[in-house]
Amino acid sequence: MPNILSHGKVIDDHWILLSDEDAIPAQGDIIVPLSTWAAQREVLLAREGAVSVLLDGQDEVETIADDLAHFPMIAIHFAKFVDGRGFSSALLLRDRYHYQGNIRAIGHIIRDQLFLMKRCGFSEFSFSAEIDLHAAADSLNVFSESYQTAADTAEPLFRRRR
Amino acid sequence: MYTYDQYDQTLVDERVAQFRDQTQRYLDGQISDEEFLPLRLQNGLYVQRLAPMLRIAIPYGLLSSRQVRKLAEISRRFDKGYVHFTTRQNIQLNWPQLEEVPDILAELASVQMHAIQTSGNCIRNTTTDQFAGVAVDEIEDPRPWCEIIRQWSTFHPEFAFLPRKFKIAVCGSEEDRAAFLLHDIGIQLVKNDRGETGFHIYVGGGLGRTPVIASSIREFLPQKHLLTYLDAILRVYNRYGNRDNKYKARIKILVKAWTPEVFAQRVESEWQQIIAGDKDGLGELTGREIERVKTCFTLPNYKIVDQAEADAQLAALAQDNIPFARWLSRNVRDQKQPGYSAVTLSLKPAGVAPGDVTDRQLEKIADLADQFSFGELRSTHNQNIVLADVLKSDLFDLWQLAKADGLATPNIGTINDIICCPGGDYCSLANAKSIPVAEAIQRKFEDLDYVYDLGDLELNISGCMNACGHHHVGHIGILGVDKKGEEWYQIQIGGSASKQAALAKVLGPSLSRDAVVEGIEKLLDVYIEHRQPEETFLATYQRIGMDKFKERVYAEHS
């Protein structure tokens, strides 16, 4: 079972990532593409095991806004690490829809993005490349302060300056 | 000027440490070239034709003499003893070593400077008028707003990986000296009926391959909403801008595709949702913060001067000294404070790449700023330096000292005040060299009487269609193009970066490098033959049109 970074800790991942061609297993916690969720919503909700949806770069968070209570985790996929759309998706989930579950970045991400990703509301990181996750965790905290409001702080620095 | 507090200093120090670690991991082979690319770019580091190039931020062009001395020291210690001022009011080092860049950044941080977001697909340095704070036609000083935007944009977590680079300019005056309509976002300070300052917001301007003049999307935005509204614009762009084709990725393409009206509606809708979700208004700028930043830009300790007497003394000096009079007429302008002037030090003497200065000159500039202008200076998007607060009675002394160091060429606003990118001599993107063309033009037009007779004339040169030399908005623009491996030059005329912004039109087939100067001469001949009294080159072109210029330049070729 591959390791992931979750809330700054290295843990074993129990989620199974399915493509839109995979059969849905009877048991286990699964991550499904948005299209699968849209097509088989009732089936997915009736089965044992938790379900999470995978948002691709172009998928709009608005489409799952009414379903968020069903997902203990939402995965956001990065086909390329420089595709910044997922940053907005995560921040909207936290800020606009007050999503409390885990938000996981999956795919081509690099450790040097973790600080900004964490600020946008990501809590879990699943790297497509094999990297030293313990070392990567250091990148979560490279800055001790930030100017802007984001998922991690409601008050921008200008309201906190002394 | 703005002074860092412990928060600002901590952030730049932590940035240096972060990039030092990233550089080490790259050198150790732990980061691939592809993945290191945006990390180094967002710290100003390009890999160029001959060596890396480091672009250092000068927020809205403002520098202290202490910072300039540090830049001189850095250029000596880590480079070849000169720097290049860019059209975004920044500076570039052309020969740093990758391994030493973290040390350079640490030196910069020691004087409250950095290279953060000077490159890459992120929000870049916010630019403004080089005469901000002293301009006679100013509505309000734009620099506090630039600084507020700088802080908001620095390490913005949501907008570090945009579809493409993103540039913001703020204009605080009647006349536009910031080319704000040619930026991704152009912000014009305006007053409403109640006398409150707010912002007129334009989006989707830019040069590059597809030059576009920005469209108005909101006529009056109250001050406190500046950052939430910018968030809304950037979020719409980050989510819906084109990421498949880098040549269609700038916000101007999205604005055009959707139309400015639809784009404005999408931003408005996003913004309304941001505000609705921020019930306590925590994202709104506070009066306290605006005041805190504004107090950093207070007026210097001016002397009370008898304006008439100062003017009379100056006129007397100028009468006996033609070179001084010429310099006064081109390089010196009035400012708000009676008895004071704003002086432009020209970085465009013939034979030097426009915008290049040596370490010694930087130190001289710092000395002049200390002696004559309260220790502050500004870089301009025309690649010159401004001393904004000079006593009129000091002008003659300043002129003599500046002249001795090659900083008093009396050519500001003339055909020799060329805006020019580094071009094929340095830049790996360029199709053609630009510096030798600029030099050939400056050598040709050395007769100052002729140059002054031509009057205000903006000539801009870019070595490729990325348009770093702003050729689309030159009264005369020159664009380097590649024709089967040879360097050719397309001539454009009629552009303007003023509030009546206009994009230049292509004159005709491109010219070989040997023919460029002759072509420019013919354009000027047509202007001189057809101009009416007091008419500039641009005005004559606008009146008589393209044909006469075109006929003359291509007469012998046809």
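**Exercise 1.** Determine how many residue pairs are in polar contact across the interface of domain 1 and domain 3 of chain B, and describe this interface step by step.

*Solution.* Applying the rule for a polar contact (a pair of N or O atoms within 3.5 Å, where within protein one must be able to donate a hydrogen and the other to accept it, and residues adjacent in sequence count only if both atoms are side-chain atoms) gives two residue pairs across this interface, both at pLDDT 80 or more. The side of domain 1 of chain B that touches domain 3 of chain B has four nonpolar, five polar and one charged residues, where Ala, Val, Leu, Ile, Met, Phe, Trp, Tyr, Cys and Pro count as nonpolar, Asp, Glu, Lys and Arg as charged, and the others, Gly among them, as polar. Next, with contact taken as heavy atoms within 4.5 Å, ten residues of domain 1 of chain B touch eleven residues of domain 3 of chain B.

This is a predicted model, in which local features need pLDDT of at least 70, side-chain atom pairs count only at pLDDT 80 or more, and totals for chains, interfaces and linings use all residues. Residues are numbered from 1 along each chain as its sequence is written, chains are lettered from A and ligands numbered from 1 in the order in which they are written, and side-chain values use heavy atoms, with hydrogens and water left out.

**Exercise 2.** Identify the strands at the edges of the open sheet in chain A.

*Solution.* Begin with the strand order, β2-β1-β8-β7-β6-β5-β4-β3, in which eight strands of chain A form an open sheet with mixed pairing (strands are DSSP runs of E, at least two residues, numbered from the N terminus, and two strands pair if DSSP finds at least two bridges between them). The edges are therefore β2 (9-12) and β3 (16-17) of chain A, each of which has a single partner strand, so that one side of each is left without a neighbour in the sheet. Finally, β1 (residues 3-6) of chain A is joined to β2(A) by four bridges in an antiparallel arrangement, and A:L5 has A:V10 as its bridge partner in β2(A).
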